[in-house]
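Work through the exercises below with the model open. Each task is followed by its solution.

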Amino acid sequence: MMGITNVSGNNGFIAKAWRALASMRLFCILAFLIAFWFSAALLLYLKYFALFKEIDRNVLIDWLFSKSLFGDPVRIWLLGLIALIALLGLNLAACMLDDFAMLLRLLKRKNGSSRFALSKLSILVVHLSYIIILSGHLTTAVSGYRLTLDIAPGKTIGGAPVPFTMRCDKAEIIVGMRGRLMATGVMTMNPGRDNEEKIVLKPGKSIWYNGVMIDMEAKTKRKASPGGAIIKFAPADATPAVRLTKNYGLYLDAVGGIIFFIGIIMRMMFRKEQSI
Amino acid sequence: MEFIVTAALWSRIALSAAAFFSAVFIRGESAARSAIRALLLFFVAVNAIILALYFAYGPNFPLNHKYDGFFFGTFTLSLIVLLYMKSLKSRAPLAIAASILLVFSAAGIYGAKVEAVMRLTNMIPAALLFVIFRDVSLMFFAFSAAVSAVELFRPGKTFTPTGRMSDAMYSPVLWGFIAFCFCQLFGSLWALSSSYGDVWLWKQSFLFSAVVWIYYGGMLHARYIPKWPEKLFPALAVFGFFMQIFYLYYYSAYFEIR
């Protein structure tokens, strides 16, 4: 690895390409480009919000390939975002290898400052956390499932891919704040081992059961309205539904988040003045 | 209780207005700075009194309604100004910061009228912490933008000879970024524990949080890039702050689709 990353004195094509890939300049350019790209989504959202809502209800990769890749502006935007983030991932990975190589060199020095080595280690930890968080988002985008299933008292749902079945004992629509319709219900869960268990699903609260996130929603044919004005419906206009979400990427996101905060704290403790 | 809180809220407007006028109109440098320091100390004390009253009597400590986020914002900004005042040669950033305090204090009173009691955020602690950290980070970015604006138009006249650029312009961005990371963390927990059911959704507020996070992440690295213009960092600081104000108080009010 030292051979790959220690290229400061080498002017060959690979060395130059490596330096460019691991450079802070590339990171900055990508960061501002991605920020701009997300800003563009705020404009796209105004016209294509229904497509963005569709993404929320599906695993990203399934949604992306469910129609022609260049069929609508949101898909094109998303492809651009994926390309930019993939480049950012490569840039971060290259930076991390450089950081690691430098850290090894520092540790080999007998008269080196341990504070400086810890400062470099903190950069490595922060970059590592970004890689893990990006991996978490990638995992979320390509795995798991998101199901929205209609429910009514007496109806049983579940089964593959969900590792349990749930029978609805009670489901009702209630009117929440600002006339918002919400759903609540009582379910009997059966994970297949004859140990049934009752759970209460409250509006606005997700619960975890056997690694699956469950929450209830009131399904209406509501039209989106800009500016916060919520179209009021009567409870009879809505039907209760259960959302079942399996998101493997959450675990990586959680680990990445913890490592990120450890890295930030280390950075604040060991950084030189006037530096990141 | 209500009378004292109302008086305290209005006194914040008076104090921030007085700090602004002191920064602009008092001629003697040391007299102006002493006046601003005293006024901001009063401002901090008034905020502390409001917080103590909410704690003692309010139904929803520490936020009574969602516009109290301005309270944490102004609290933070007044403390930042007090902390960095020494390293500033020019009074112009102090005047800009005081005007931001004034606007946010006034907006807090307007908010208290339009929404008397907060309904949503107190239900979930993560939501409450999200609001607090969002406004704290915004004020760090605001202070950096105030200093940067002066540095952009009057280069070299912002900092004292001993003052370092990083102290007043750069460090607030760093602390703001860290506060924003906490905001993201609590926002994710809020989204996860509420009916959103995930840490990330393709909604406008989430998309904008991504803009802010990566924008300031890039900005923190920008000054280390050789041959990039010196004015890039201050220009980015000013643009970043206005971008957030535009989103939080204009786009989200008129264009957010719910």
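**Exercise 1.** Locate Phe255(B) and decide whether it is buried, partly exposed or exposed.

Step 1. Phe255(B) lies in the segment after α8 of chain B. Helices here are DSSP runs of H or I with at least four residues, strands are runs of E with at least two, and both are numbered from the N terminus.
Step 2. Its relative accessible area is 31%, so Phe255(B) is partly exposed. Buried means under 20%, exposed over 50%, and partly exposed in between (1.4 Å probe, protein chains only).

The model is predicted: local features need pLDDT of at least 70, side-chain atom pairs pLDDT 80 or more, while totals for chains, interfaces and linings use all residues. Residues are numbered from 1 along each chain, chains are lettered from A in the order written, and side-chain values use heavy atoms without hydrogens or water.

**Exercise 2.** Which strands make up the open sheet of chain A, and which stand at its edges?

Step 1. Four strands run in the order β1-β8-β7-β6 (chain A), with antiparallel pairing. Strands pair if DSSP finds at least two bridges between them.
Step 2. β1 (145-150) and β6 (207-209) of chain A are the edges; each has a single partner strand, so one side of each lacks a neighbour in the sheet.
Step 3. Take β1(A) with β8 (residues 239-246) of chain A: they are joined by six bridges. Tyr145(A) has Lys246(A) as its bridge partner in β8(A).

**Exercise 3.** How much of chain A is buried?

Step 1. Chain A has 276 residues.
Step 2. Of these, 43% are buried.
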